[in-house]
Amino acid sequence: MTAEHSQVRTGGLSWPFAGAGLPLLYLWLAWSWWFEIRSQVAALAVSAPTLDAGMLAVMGLGARMLATLSEAGIYTLWWRSRGVRLPYWRFQCWVAALSATDLVGYSLRRAAEGAPDAARWMIAALAGPGALEPSSSGVPGGMAGLGSLGILTSTRVVMTAWAQARGVGRPLAGPLFLTASAWLVTRLIGWWSADLMKGLSPVP
Amino acid sequence: MRRSLRVTMDFAAGATLIAVALLGAWWASDRARSWERPRWSSASFELLRPRPPIDTGGGVRWVMAINPRCPSCLRSLWRIHAAWSRRPGREGLVALIVDTPARPDARSLRRLPPIAVWWDRENRWRRRWGHRLYGELLQFDGSGQYVRTISAGEVPRLGGSRAPEDSTAPALEGRGGT
């Protein structure tokens, strides 16, 4: 062990679930995400019947898993570069578990369609202003980027930061700034890219 | 090792922020640009194949922007063409070939359904109107005035006439016609 390695500190992040709960969590997440992606592809298939919803859902699930592994990896590398060790697999498990808030958000935004105004506003507070936009209309780029910003997404960001703070043994402020900045950057990229891609054309 | 990792992560974070700032500047510039309101004029485009004589509908045109090199656009056009004959009013369905600098040849035209085909020689659709998604349908009234834009997925939900304000395309604020 080098002198540099001996300086690396570790924190106290526990697994979100113990024992048999972990495989069950991953199985539930995989099934839920597969179902969610399949529903979204099936909705698109109304305009493109040649799409194979099942195959695309499997590919989407694979991409989702890669995204989760990458997200956890980037945070782990970031903290490692700052001299502290974030336990990768435990943190990755938290990131995966917290993605359930996104699943709830999708379901709520779908449920908002056709709901009374008061219910839609409540859902918008939870799942973001995307709940106020009917899915049949063109989605503005801003809504594509920030339409999920509600209590659920904020909770996910804060909990992701909390898991890092626990893992690296530092106060919440630094990890929260890092996580919120990363979230904002990805959302801005989504917003601006969607606008640039569609111009004045409506998004299907 | 930690030092080199820190330099690498700092560099990656800096490069990401610079790239996002550049993307934001590009987006702001694109949003600030003034686009022309679409207008259908026979002089603006080149007719490659006339419409079939069965088309009626008082001169109303639904113009689908397609690129012959885009197989999914062609599939979408064939699908819409198949459904079009079941629509009331029999408004004209027109294919507008865009993003194609060279005049489309007969082989390209044979891959299209039997509808009127026009070529956007100057690429007005993209350069002046600011539209970018193939497969969208632009509706023009009998005098060539723009009515609305819909995506191909909305065609099955098309009923009778709708007001221009129902368009799903972003509004063109106070910009005159061509």
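**Reading a predicted two-chain model**

Modeller: Start with Asn123(B), which sits in the loop between E4 and helix H4 (124-127) of chain B. Keep in mind that this model is predicted.

Colleague: What is the phi of Asn123(B)?

Modeller: First the background: most residues other than glycine have a negative phi. Asn123(B) has a positive phi, near 55°, and is not a glycine.

Colleague: Is Asn123(B) exposed or partly exposed? And Asp99(B)?

Modeller: Count C-beta neighbours: 20 or more within 10 Å means buried, 12 or fewer means exposed. Asn123(B) has 14 other C-beta atoms within 10 Å, so it is partly exposed. Asp99(B) has 16 inside 10 Å, so Asp99(B) counts as partly exposed as well.

Colleague: Where is Trp35(B)?

Modeller: Trp35(B) is in the loop between H1 and strand E1 (46-49) of chain B. With 17 other C-beta atoms within 10 Å, Trp35(B) is partly exposed. Now look across the sequence. Trp35(B) and Arg128(B) are 93 residues apart along the chain, yet their C-alpha atoms are separated by 5.7 Å.

Colleague: What share of the contacts in chain B joins residues 24 or more positions apart?

Modeller: The share is 69%, among contacts with a separation of 6 or more.

Colleague: How many helices and strands does chain B have?

Modeller: Four helices and six strands. Their order along the sequence is α-β-β-α-β-α-β-α-β-β. Chain B has 178 residues, of which 26% count as buried.

Colleague: How many residues of H1(B) are buried?

Modeller: Zero out of 31, so H1(B) lies largely in the open. Check the span of this helix (residues 2-32) too. At 1.5 Å a residue it should span 45 Å, and the end C-alpha atoms are 45 Å apart, which agrees.

Colleague: Which residues have the most contacts inside the largest nonpolar core?

Modeller: Val63(B), Met64(B), Ile66(B), Ala95(B) and Leu96(B), in a core of 32 residues. Several elements of chain B supply at least two residues each, including strand E2 (61-66), helix H2 (71-84) and strand E3 (92-97). Take Met64(B) and leave out residues up to four places away in sequence. Met64(B) then touches Leu77(B), Ile80(B), Leu93(B), Ala95(B), Leu96(B), Gly135(B) and Leu137(B).

Colleague: Which residues of H3(A) are buried?

Modeller: Ala57(A), Leu61(A), Ala72(A), Tyr75(A), Thr76(A), Trp78(A), Trp79(A) and Ser81(A). The helix runs over residues 53-81 of chain A. Just after H3(A), Gly83(A) takes a positive phi of about 85°.

Colleague: At what angle do H5(A) and H8(A) cross?

Modeller: An angle over 145 degrees counts as roughly antiparallel. Helix H5 (residues 100-112) and helix H8 (residues 151-168) of chain A cross at roughly 175°, and their axes come within 9 Å. The pair is therefore roughly antiparallel. H5(A) makes the contact with Thr101(A), Val104(A) and Gly105(A); H8(A) uses Leu152(A), Thr153(A), Thr155(A) and Arg156(A). By class that gives two nonpolar, four polar and one charged residues.

Terms used: Residues are numbered from 1 along each chain as its sequence is written. Chains are lettered from A and ligands numbered from 1 in the order in which they are written. This is a predicted model: local features need pLDDT of at least 70, side-chain atom pairs count only at pLDDT 80 or more; totals for chains, interfaces and linings use all residues. Two residues are in contact if their C-beta atoms, placed from the backbone, lie within 7 Å. Axes are lines fitted to C-alpha atoms, for helices over the stretch in contact, and angles run from 0 to 180 degrees between N-to-C directions. Angles under 35 degrees count as roughly parallel, over 145 as roughly antiparallel, 65 to 115 as roughly perpendicular and the rest as oblique. Ala, Val, Leu, Ile, Met, Phe, Trp, Tyr, Cys and Pro count as nonpolar, Asp, Glu, Lys and Arg as charged, and the others, Gly among them, as polar. The expected span of a helix is 1.5 Å times one less than its number of residues. A nonpolar core is a set of buried Ala, Val, Leu, Ile, Met, Phe, Trp, Tyr and Cys residues joined through C-beta atoms within 7 Å.
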